[in-house]
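Please read it alongside the sequence and the model.

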Amino acid sequence: MSSDHGRAINFGAGPSALPLSVLEETQTGLLNFEGTGMGIAEISHRSKEFQAFLDEFEHNIRTQLDVPPTHRILFTQGGGTGQFSAVVLNLLARYRLLHPQASAADTVLDYVVTGSWSKKAAEEARRLSGGVATVRTAVDARVYSKDGKSFDNIPPHAEFAFADDPALIYYCENETVDGVEFSHDLESPAAFPFHLLKQDRLVPLVADYSSSFMCRPIPRLADHAVIYAGAQKNIGPAGLTILIVREDCIVDVDAAAKLGAPPVPLTLSYKTLADSGSLYNTPSVLAIYMAGLVLRRMKQNGGLPFYEEVNRRKAKKLYAAIHEGEQKGVFRRKVQQGSESWMNAVFEVLGEGAEKNFLEGAEKQGMKGLKGHRSVGGIRVSLYNAITEQEADKLIAYMTQFIAEANN
Ligand SMILES: Cc1ncc(COP(=O)(O)O)c(C=O)c1O
């Protein structure tokens, strides 16, 4: 087998490509973790060697993302979906401690719905908060879409309506399925409207960064209450969820339950995680190891400034090819200009059987994982960190050739 182990270029949305060097290092770690004579999947999570590795991993996230001392970094399991539930329960507990007498009508959970994942998160909030809180849609992007029913945009700022003192405000920074992302240019109309948040208090702002974590810096990170991400897009295998939680959101959930908040399972409580250094029960040791290796490698490569620049160039070139295809009647982009995701680009290939031809042609050249999510259809190109610029260029060259051949 060749030195690349016969690997395809994997443009899948998640689980997704990981750097070859990390996969190779993992093979060694599985046999002998950092000279201990025991494999990483075999060693105790309470050993000093694993603790040192976990500390370095946390330190690398903190320094690369510039996480302030007001925020804790926590590790857990259960994925993004686990956090759809956990943020609701922890922030309802926080609100109850702040407002012991608040009625269900006064306890508001505000959801910004810009795609399939934030919609799902809001549904889970409704399921969990019956009788104790009111879930509101602060804005629904479908209302502002081209066809009135798709997620294809970040709505105008004037349309966001937040409650005066909500228990949480929720948004999904990058909608993996729909390819819609908030702009990181804070002057852009497609940026998150941070200026609408109250300035005189700690706002319980929650962001799902599952599919854009560590691809570039997080704008206004310190203004968030909770940021979370499943590892399986940019930084590791599935099984690890990373949380950045502001101290005031790490509350005594049992004291809140005595005042009428819903009880919180111990493994979902941020306080349990914080008090135990994320080791209350056995963590996903192997997933932490691989993500830790990815973070080490990122640091060696120049950290987030390096990845931001490469990711910017990859996305720019890819969208230029999509636009060219659109002008020539071969492709149609799904997402309105300005709201396009850097990580997941979604478009259609026009014409009878054309999408199938596109996918087959790509596969012949060793490029896989390009089929869009079943709910949206079309093509989805995921350009996570492990996709090199050279690999992105190969796809773009294929797209350019496809456009030229379709026009012949
Ligand atoms: C933005 C976003 N949020 C949440 C999820 C759900 O994550 P998980 O499968 O880790 O529960 C995903 C999964 O793709 C996602 O892309």
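**Note on the model**

1. Strand E12 (residues 344-349) and E14 run antiparallel and are joined by 4 bridges. Helices (H or I, at least four residues) and strands (E, at least two) are DSSP runs, numbered from the N terminus, and two strands pair if DSSP finds at least two bridges between them.

2. The coordinates come from a predicted model, in which local features need pLDDT of at least 70 and side-chain atom pairs count only at pLDDT 80 or more, while totals for chains, interfaces and linings use all residues. Residues are numbered from 1 along each chain as its sequence is written, and side-chain values use heavy atoms, with hydrogens and water left out.

3. The sheet that contains this pair is open, with 3 strands in the order E11-E12-E14 and antiparallel pairing. Strands E11 (331-333) and E14 (379-382) each have a single partner strand, so one side of each lacks a neighbour in the sheet. From one strand to the next, the twist averages 35 degrees.

4. Two helices lie across E11, E12 and E14: helix H8 (residues 303-327), running at about 120 degrees to E11, and helix H10 (residues 389-406), running at about 125 degrees to E11. Axes are lines fitted to C-alpha atoms, for helices over the stretch in contact (heavy atoms within 4.5 Å); angles run from 0 to 180 degrees between N-to-C directions.

5. A second open sheet has 7 strands in the order E2-E10-E9-E8-E5-E3-E4, with mixed pairing. Its edge strands are E2 and E4 (134-140), each pairing on one side only. The twist in this sheet averages 20 degrees from one strand to the next. Helix H2 packs on the sheet, touching E2 and E10, and its direction makes about 130 degrees with that of E2.

6. Strand E2 (residues 71-76) is mostly covered, as 5 of its 6 residues are buried (under 20% relative accessible area, with exposed over 50% and partly exposed in between; 1.4 Å probe, protein chains only). E2 runs antiparallel to strand E10 (residues 241-246), with 6 bridges between them; His-71 has Arg-246 in E10 as its bridge partner. Strand E9 (residues 226-230) also pairs with E10 in the antiparallel sense, over 5 bridges, and Tyr-228 stands opposite Leu-243 in E10.

7. Helix H7 (residues 285-300) has 16 residues and reaches 23 Å from its first C-alpha to its last, close to the expected 22 Å (1.5 Å times one less than its number of residues). Its buried residues include Tyr-289, Met-290 and Leu-293. Helix H1 (20-31), helix H2 (48-65) and H8 are among the elements that cover the buried residues of H7.

8. How many disulfides does the rule give? The count is 0, where a disulfide is a pair of cysteine sulfur atoms within 2.5 Å. For Cys-172, the nearest cysteine sulfur is that of Cys-215, 12 Å away; Cys-172 counts as buried at 1% relative accessibility. For Cys-249, the nearest is that of Cys-172, 19 Å away, and Cys-249 counts as buried at 0%.
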